[in-house]
Amino acid sequence: MAEDQETGVKRPRRVAALFTAIRQMWMFVGAVILVLLAFEACYRAQGAGRRAIGSITNRSGAPAHPYAGLDWFDEFTQEESRSSALLWRPYVYFRRRPFEGKFINVDSLGRRRTVQASSTSGVDPVLFFGGSTMFGSPQRDAFTLPSRMAARVAALRSGQPPVEVINFGETGYIFTQSVIELEMQLRDGVRPQVVVFYDGINDVVAGVQSGRGGIPQNEQNRAQEFALGRVLLNWKHDAAAEIHASATLAMLGLRRLQLVQALGGRIAAGHSEQLSTDSIAEAVAHAYVETARLVEALADHYGFRPLYVWQPNFHTTPKVLTPYEAHLRQELDAQEFQRTIRDIHRQMPALVGPRMRQLVGDRFVDATSAFDGDTATVFVDVIGHTTETAVDRVAEVMWPAFAQLLASSRPGLAP
């Protein structure tokens, strides 16, 4: 028999050895965790230092943001960050949480506020769908694309019945997600007169991510979240299920370490698969056109008129770059992922345009050349978000086709 030094209780030698082994194992595990945390703290500290130095360098060398110096920009930036929270939404994954602010307002259904005439309730609406460029990032409520189109409609209306414009744009959405959202609105009784789709950027990015067309952005994250939920929210509570859940949580904690993420990123970079830009471009174009074909069937049944706009992008714009945009272009050129996106964007007009015009005629607008020759700053980031001023140019490009559709759905409203 062996005597426990702490309690004085005598136990069999095998039991004592087992307790000693467990104690030593936990001491070892604890020591490993402490070492990992120490390395992580050092890694984060040096990262913060490099970012601080880089920030100082950028402030001294990089051109200022086109909104810098405007009295509303700092407050808007803070509001934009607070308004970005999402809620799960069946079929389309997510929409914004309701938000009330000075510059950004989102209603209980996750729709961005459209600034328009107040007496629009009860009329057949005009629905606008798209990603963050339709939602209005980074623009104030009155300067989003739907708001600017609503202003044009109001100026044209001149005593005609009101037109309600509804903004269904949401960050990250591809064309297919917008169509699914439209289907749910139709199912719930919404009867639009005109429906506008403004897409291209997110469809290409999602295609590069997955190597396929018509797959939402970051689909790999949704797959991982599903697998994680199956483990952590499993209805089983036996020992095996609990051990699996605990081990999964431990691995999640390990993967949250920035040092581990950096190491994993280098390993993944060394085994990256070369994607065929031609095949991805064809897949994206095919998915877009066939999704439009589904919209056409819905339009025939429900009686609305769809308009499809392929949006301009920063990757291939031939516009004269301002110093700020030239700096962004350098960032873009330095990233392989962004260069792949650029290569696909170059192919899309030729792949999408002829097929869409054969399918829908003038109801397809290729806006990729909207900013050709523009000398002002248009793009505010490599994603393709634009300044508020640039939104009016997009509205101008799509207006003739839109006004024609609105007039045909509203007799007496001249285009």
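Helices α5 and α10 cross in a left-handed way, where left-handed says that the near helix is turned anticlockwise from the far one by less than a right angle, and right-handed that it is turned clockwise. This is a predicted model, so local features need pLDDT of at least 70 and side-chain atom pairs count only at pLDDT 80 or more, while totals for chains, interfaces and linings use all residues. Residues are numbered from 1 along each chain as its sequence is written, and side-chain values use heavy atoms, with hydrogens and water left out.

Back to that first pair. Helix α5 covers residues 175-187 and helix α10 residues 277-302, and they pack at about 15 degrees with axes 10 Å apart. Helices (H or I, at least four residues) and strands (E, at least two) are DSSP runs numbered from the N terminus. Axes are lines fitted to C-alpha atoms, for helices over the stretch in contact, and angles run from 0 to 180 degrees between N-to-C directions. The angle makes α5 roughly parallel to α10; the cut-offs are under 35 degrees for roughly parallel, over 145 for roughly antiparallel, 65 to 115 for roughly perpendicular, and oblique for the rest. On the α5 side, Phe175, Thr176, Val179, Glu183 and Leu186 meet Tyr288, Thr291, Ala292, Val295, Leu298 and Tyr302 of α10, with contact meaning heavy atoms within 4.5 Å. That contact divides into eight nonpolar, two polar and one charged residues. Here Ala, Val, Leu, Ile, Met, Phe, Trp, Tyr, Cys and Pro count as nonpolar, Asp, Glu, Lys and Arg as charged, and the others, Gly among them, as polar.

Next up is α6 (residues 201-210) with α12 (residues 336-360): their axes come within 10 Å and cross at roughly 125 degrees. That makes α6 oblique to α12, and the crossing is right-handed. From α6 come Ile201, Val204, Val205, Val208 and Gln209, and from α12 come Phe337, Thr340, Ile341, Ile344, His345 and Met348. Sorted by class, this contact has eight nonpolar, three polar and no charged residues.

Helices α7 (residues 219-232) and α8 (residues 239-255) pack at about 140 degrees, axes 9 Å apart, which makes α7 oblique to α8. Among the residues in this contact are Leu228 of α7 and Leu252 of α8.

The largest pocket holds about 470 Å³. On a 1 Å grid over the protein atoms alone, a pocket is an open set of points with protein on both sides within 12 Å along at least five of seven lines, a cavity is a set where a 1.4 Å probe fits but cannot get out, and lining residues have an atom within 4 Å of a point. Grid points are joined across faces, edges and corners, and a volume is the space filled by probe spheres set on the points. The pocket has 32 lining residues, with Ser132, Ser137, Asp381, Ile383 and His385 nearest its centre. Helices α2, α3, α6 and α12 each supply at least two residues of this lining.

Most residues other than glycine have a negative phi, and most peptide bonds are trans. The bond from Ser137 to Pro138, though, is cis, with omega near -5 degrees, and Pro138 sits in the loop between α3 and α4. Tyr93 has a positive phi of about 85 degrees without being a glycine, and it belongs to strand β4.
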